[in-house]
Amino acid sequence: MRLVLASAIALQAFAFAPVAIAAGGDSSPPKPTNTTKKCFFGRVYDKDAGRCVKPDKTNFTEEELYDAVRELAYDGQFENAQDILRIMDQDDDRVLTYWGFTYRKMGELDLANAFYSNAIEANPDNILARSYMGQGFVTEGKTDLAIVQWREIKARGGEGTWAEASLREAIRTGLTYNY
């Protein structure tokens with residue numbers, strides 16, 4: 001009986017434990033690089049130059065900039081992440097999602113929701129923006145609005161993803177996730 005009960009508890013915990021994720025959609029936390037180990041003031045480590053540089057003073061690819069934003073956000077350096085976001089394509093729904101994420105983590109929920117809304121307008125299938133927006137609604141006690149986003153995630157094929165599972169858990173428990 002104990003084994004069955006322990007197995008059921010473990011299975012339930014596994015079913016409701018969202019995989020760690022940062023803004024952007026990757027399934028694991030970013031590994032710290034020299035960007036967060038050695039660089040200060042929003043600078044990004046340039047492997048080719050072997051030093052920390054301002055992100056707009058080098059030839060970083062968009063993906064490298066996304067990685068730097070994600071790493072800085074995961075490290076709690078929201079303003080530094082925003083400094084990089086400023087030089088990126090402001091019409092890109094991933095950039096808008098990152099803006100929303102950083103503002104939400106800084107406690108600016110109205111601003112975060114404006115960016116999430118713009119991300120969703122640019123790409124209605126952006127389930128990560130929907131999840132983060134829903135988690136913000138949970139934080140504000142607006143569970144009904146969070147449920148609307150959760151249903152949209154499921155309707156858009158996101159059932160079982162981190163975005164869906166983490167929002168479902170936030171609605172169920174009232175606890176939100178950083179990533």
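Student: To begin, how many helices and strands are in the protein chain?

Tutor: The model is a predicted one, and its protein chain has 9 helices and 2 strands.

Student: In what pattern do they follow along the sequence?

Tutor: The pattern reads α-α-β-β-α-α-α-α-α-α-α.

Student: What percentage of the residues is buried?

Tutor: Of the 179 residues in the protein chain, 42% are buried. The accessible surface is about 9,900 Å², and carbon and sulfur atoms account for 53% of that area.

Student: What about contacts across the sequence: what share joins residues at least 24 apart?

Tutor: The share is 53%, counted among contacts between residues at least 6 apart in sequence.

Student: Let us change topic to cysteines. Which residues does the disulfide join?

Tutor: The structure holds 1 disulfide, and this bond links Cys39 with Cys52 at an S to S distance of 2.1 Å. The link is left-handed, with -90° about the S-S bond.

Student: Is Cys39 buried or exposed?

Tutor: Cys39 counts as buried because its relative accessibility is 4%, and the cut-off for buried is under 20%.

Student: Now the charged residues. How many salt bridges does the structure hold?

Tutor: There are 7. One of them pairs the side chains of Arg156 and Asp125 at 2.9 Å, N to O. Arg156 lies in the loop between α8 and α9 and Asp125 in the loop between α6 and α7, so this pair ties together parts that are 31 residues apart in sequence.

Student: Which other partner does Arg156 meet in a salt bridge?

Tutor: The side chain of Arg156 also meets that of Glu152, again at 2.9 Å, N to O. Through shared partners, Asp125, Glu152 and Arg156 are joined into one network.

Student: What are the relative accessibilities of these three residues?

Tutor: Arg156 is at 34%, Asp125 at 47% and Glu152 at 27%. Arg156 counts as partly exposed, as does Asp125, and Glu152 is likewise partly exposed.

Student: Which residue does Arg86 meet in a salt bridge?

Tutor: Arg86 meets Asp83, at 2.8 Å from N to O. Arg86 is partly exposed at 47% relative accessibility, and Asp83 is partly exposed with a relative accessible area of 36%.

Student: Finally, how many residues does helix α9 have, and how far does it reach?

Tutor: Helix α9 (residues 162–173) has 12 residues and reaches 16 Å from its first C-alpha to its last, close to the expected 16 Å. Its buried residues are Trp162, Ala163, Glu164, Ala165, Ser166, Leu167, Glu169 and Ala170.

Student: What comes just after α9?

Tutor: Gly174 follows there, with a positive phi of about 85°.

Methods:
Residues are numbered from 1 along each chain as its sequence is written. This is a predicted model: local features need pLDDT of at least 70, side-chain atom pairs count only at pLDDT 80 or more; totals for chains, interfaces and linings use all residues. Side-chain values use heavy atoms; hydrogens and water are left out. Helices (H or I, at least four residues) and strands (E, at least two) are DSSP runs, numbered from the N terminus. The expected span of a helix is 1.5 Å times one less than its number of residues. Buried means under 20% relative accessible area, exposed over 50%, partly exposed in between (1.4 Å probe, protein chains only). Contact means heavy atoms within 4.5 Å. Accessible areas come from the Shrake-Rupley method with a 1.4 Å probe; for residues, only the protein chains shown count as cover. A disulfide is a pair of cysteine sulfur atoms within 2.5 Å. A salt bridge is a side-chain nitrogen of Lys or Arg within 4 Å of a carboxyl oxygen of Asp or Glu.
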